[in-house]
Amino acid sequence: DFRFAAAVAQFGLILRQSAFKGSANYGKVIELAKKAKGNDEEGYRAEFIQLVKIAKTLDRNELAQNKD
């Protein structure tokens, strides 16, 4: 649960473009969330992972990095 909460917190820092995000990026958030998904009876954790993937595709900074 702690690792998944850390992934959610990192995602929030990325969305806010926080100076405290450190090396957090969408890929790391997805990786951490997948590893911490565990038993997801209601599907909320899987839905969060999908949300991060969608946000990654919509992020202008991420798009600029992928063009290089």
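Which helices each supply at least two residues of the lining of the largest pocket? The model is predicted, so local features need pLDDT of at least 70 and side-chain atom pairs count only at pLDDT 80 or more, while totals for chains, interfaces and linings use all residues. Residues are numbered from 1 along each chain as its sequence is written, and side-chain values use heavy atoms, with hydrogens and water left out.

The protein chain has four helices and zero strands, where helices (H or I, at least four residues) and strands (E, at least two) are DSSP runs numbered from the N terminus. Its C-alpha atoms fill a box of roughly 40 × 20 × 15 Å along the principal axes.

Helix α2 (residues 26-35) and helix α3 (residues 44-58) have axes that come within 10 Å and cross at roughly 170°; axes are lines fitted to C-alpha atoms, for helices over the stretch in contact, with angles from 0 to 180 degrees between N-to-C directions. The two helices are therefore roughly antiparallel, a label for angles over 145 degrees.

Now for the pocket: α1 (2-15) and α4 (60-67) are the helices that each supply at least two lining residues, and α4 gives the largest share, three residues. A pocket here is an open set of points on a 1 Å grid over the protein atoms alone, where a 1.4 Å probe fits, with protein on both sides within 12 Å along at least five of seven lines; lining residues have an atom within 4 Å of a point. The largest pocket has a volume of about 200 Å³, meaning the space filled by probe spheres set on grid points joined across faces, edges and corners. Among its lining residues are I14, L15, Y26 and E62.

Methods. Angles under 35 degrees count as roughly parallel, over 145 as roughly antiparallel, 65 to 115 as roughly perpendicular and the rest as oblique.
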